[in-house]
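Here are some notes for a colleague who is opening this entry for the first time. Please keep the sequence and the model in view while reading.

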Amino acid sequence: MKAAALYAGIAVLATLAGAQTQTGVQKMGGWSSSSSYNQLYNPKQETTFSGKIVGISDVTPSKTMSAAATILVKSKNGGTSAVDLGPAWFIDNQRTKLHVNDEVKVTGVKTSLNNRSFYIARKVIRGNHALYVREVSGFPIWVALRDHPDEVGPGAVAFNLGIGANEAVSTAGPVALAVPPPPPTVETTPKPTDTADVKTPINGTVSQVFTAQNPQTGQMEQYVMVSTPNGPVNVDLGPQWYMQQQPISFSAGNNISVQGVPYNSTYVLPNNGHPIYLANGLNYGNQFMIFRNGQITAFNAWY
């Protein structure tokens with residue numbers, strides 16, 4: 001895998017004038033949840049094996065897909081298996097990395113495509129930490145867009161990673177899932193002013209989409225400015241590298257409903273003193289997206 005490059009630089013502000021500012025429909029590179037590749041994942045066929053990483057590379061699964069981050073794992077019986085972790089654009093941007101000679105435990109599904117035999121990973125455990133790239137259903141964690149017709153609220157879709165020794169299925173709401181927080185070295189979610197159980201609905205219209213560097217994470221974050229009855233607010237959706245891959249289009253004046261938590265009031269954006277919220281999920285038109293579930297985020301896959 002190529003080393004991840006963190007976005008940095010001066011804040012860039014883009015004002016919308018009724019036109020779409022993102023055209024992410026083509027940007028997932030064949031890694032959408034409905035892609036033929038992702039349909040190969042059958043949770044009923046999951047297996048788990050352990051071994052040592054003996055190789056790391058980018059592999060293109062098919063002509064219609066961008067590169068997959070792939071590890072070669074040599075098991076104790078001497079066999080070596082290729083394991084696709086997910087799209088390289090997602091894995092390369094994780095702050096924690098896998099390395100050659102790491103001892104790992106892989107859970108995934110063995111399959112084949114274009115005369116290539118490999119595993120599609122759901123999670124990879126190394127020591128006391130795990131890389132979760134899919135939910136227990138096989139749904140890819142790097143996809144924010146969900147099929148959810150209701151307003152964002154306590155019953156909204158939650159990440160279902162099955163964290164825990166018994167792989168229990170969680171039905172908690174978008175900010176109520178009780179899991180240990182990620183270690184400080186891999187945490188990418190800024191701490192809100194209050195606890196993660198605080199849910200604040202933000203209803204209004206989109207006025208701007210812009211990026212700015214977050215001083216806590218060092219990453220460029222994508223924001224949506226929302227005009228509400230109580231004044232403008234900034235909504236932090238997530239890292240720019242993640243959001244630019246999502247098939248989401250924002251248009252000025254369109255209604256938006258966000259479920260979020262207030263961010264530390266001491267942090268203000270350049271030339272922008274409006275309140276900042278971290279988005280757990282949002283409804284936009286007929287699209288529903290989920291970005292955070294308490295300490296779990298769609299863009300930080302290590303726990």
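The points below go from the whole chain to single residues.

1. Overall make-up. The model is predicted. The protein contains 16 strands and two helices. Of its 303 residues, 53% are buried. The exposed surface comes to about 13200 Å², and 52% of that area is supplied by carbon and sulfur atoms.

2. Contacts along the chain. Take the contacts between residues at least 6 apart in sequence: 65% of these join residues at least 24 apart.

3. Strand E2 and its partners. Strand E2 covers residues 46-59 and pairs with strand E5, residues 103-113, in the antiparallel sense over seven bridges. Within this pairing, glycine 108 of E5 is the bridge partner of threonine 47. E2 also pairs with strand E3, residues 68-75; the sense is antiparallel and there are eight bridges. Here isoleucine 53 stands opposite valine 73 in E3.

4. Leucine 113. This residue is part of strand E5. Leaving aside residues up to four places away in sequence, leucine 113 touches Tyr37, Leu40, Pro61 and Phe118.

5. Glutamine 94. The loop between helix H1 (88-91) and E5 holds glutamine 94. Glutamine 94 has a relative accessible area of 3%, so it is buried. What does the side chain of glutamine 94 reach? It reaches the backbone nitrogen of alanine 301, at a distance of 2.8 Å. Residues up to four places away in sequence aside, glutamine 94 touches Trp241, Phe299, Asn300, Ala301 and Trp302.

6. Aromatic pairs. A pair of aromatic rings is described by the distance of the centres and the angle of the planes. The count of aromatic pairs comes to twelve. One of them is formed by phenylalanine 210 and tyrosine 223, and this pair is stacked, with 5.2 Å centre to centre and 10° between the planes. Phenylalanine 210 lies in strand E9 (residues 200-213) and tyrosine 223 in strand E10 (residues 220-228), so the pair ties together parts 13 residues apart in sequence. Phenylalanine 210 counts as buried at 5% relative accessibility, and tyrosine 223 is buried with a relative accessible area of 0%.

7. An edge-to-face pair. Tryptophan 241 and tyrosine 242 form an aromatic pair that is edge-to-face, with 5.9 Å between the centres and 85° between the planes. Tryptophan 241 counts as buried at 4% relative accessibility. Tyrosine 242 counts as buried as well, at 0%.

8. The ring cluster. Which residues do ring pairs link into a cluster? They are Trp31, Tyr37, Trp89, Phe90, Phe118, Trp142, Trp241, Tyr242 and Phe299.

9. A charge over a ring. The ring of phenylalanine 118 has the charged end of arginine 116 sitting over it, 4.2 Å from the ring centre.

Conventions: Residues numbered from 1 in each chain as written. Predicted model: local features only at pLDDT ≥ 70, side-chain atom pairs only at ≥ 80, totals over all residues. Heavy atoms only, no water. Pairing = 2+ DSSP bridges. Helix = DSSP H or I, 4+ residues; strand = E, 2+ residues; numbered from the N terminus. Buried < 20%, exposed > 50% of the residue type's maximum accessible area, 1.4 Å probe, protein only. Contact = heavy atoms within 4.5 Å. Areas by Shrake-Rupley, 256 points an atom, 1.4 Å probe, with all protein chains shown as cover. Polar contact = N/O pair within 3.5 Å; in protein donor to acceptor, adjacent residues only side chain to side chain. Phe/Tyr/Trp six-rings, centres within 6.5 Å; stacked < 30°, edge-to-face > 60°. Lys NZ or Arg CZ within 6 Å of the ring centre and 35° of its normal.
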